[in-house]
Amino acid sequence: GLVPFFLFGGTFFKNKSEIFSERSFLGNRQLVGKCQGEKLKSIEIRFSQHQGQSNSTKMKYEDQTLFVRNDLFLGNSDIDFIEDVVDIYGGPKIKFHLNSQGTVKLSRGMKESYGRNVVVLVDGSIHAAPHINGQINDGKMQVRLVKEISKNGQIFGFSTSDLCTSQ
């Protein structure tokens with residue numbers, strides 16, 4: 001398994017799939033950070049599709065080129081609230097709790113984009129693009145959002161306090 005490194009007040013893994021931020025790391029229990037949808041920075045949840053399909057925007061994320069759909073996406077109005085959570089490996093994630101409209105859109109997008117990527121943008125920049133390998137029908141989605149990758153490869157993730165304009 002992966003071994004966490006602790007350095008200068010930040011916690012990180014060398015592997016990009018495991019992202020830590022000391023502010024949000026509290027071991028194996030639920031974190032307390034929470035932010036209502038209307039207080040969030042601009043967040044969009046979009047879906048990728050195959051190259052050459054119409055109605056998409058070409059975007060770069062890390063070493064990937066993604067063709068992101070323009071016709072189906074979720075925004076702040078689809079999010080009830082977000083909260084900090086810890087995954088099974090002890091790493092922090094952001095858990096999105098969607099309203100009924102957002103739940104329908106996410107379910108549809110996951111079904112139509114199976115095998116591609118769900119793309120999460122914060123203030124217009126991609127901060128996550130995990131592969132879709134299942135269906136989400138309950139309107140709750142957990143994602144690691146990359147905030148920063150330092151020159152030496154340290155990866156830091158967003159917490160709700162980073163995404164909330166005012167708590």
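Two strands are taken to pair if DSSP finds at least two bridges between them, where strands (E, at least two residues) are DSSP runs numbered from the N terminus. The model is predicted, so local features need pLDDT of at least 70 and side-chain atom pairs count only at pLDDT 80 or more, whereas totals for chains, interfaces and linings use all residues. Residues are numbered from 1 along each chain as its sequence is written, and side-chain values use heavy atoms, with hydrogens and water left out.

With these terms in place, an open sheet of 4 strands can be followed in the order β3-β7-β8-β11, with antiparallel pairing. Because β3 (34-36) and β11 stand at the edges with a single partner strand each, one side of each is left without a neighbour in the sheet. On average, neighbouring strands of this sheet are turned by 20° against each other, direction ignored, the axes being lines fitted to C-alpha atoms.

Inside the sheet, β7 and β8 run antiparallel and are joined by 7 bridges, and D84 has I94 in β8 as its bridge partner. Strand β7 (residues 79-86) also holds F81, which counts as buried because its relative accessibility is 18%, buried meaning under 20% relative accessible area, exposed over 50% and partly exposed in between, with a 1.4 Å probe and protein chains only. The C-alpha atom of F81 is separated by 4.1 Å from that of Q36, although the two residues are 45 apart along the chain.

Strand β11 (residues 140-143) has M141 and V143 on a covered face, and K140 and Q142 on an uncovered one.

How values were computed:
Axes are lines fitted to C-alpha atoms, for helices over the stretch in contact, and angles run from 0 to 180 degrees between N-to-C directions.
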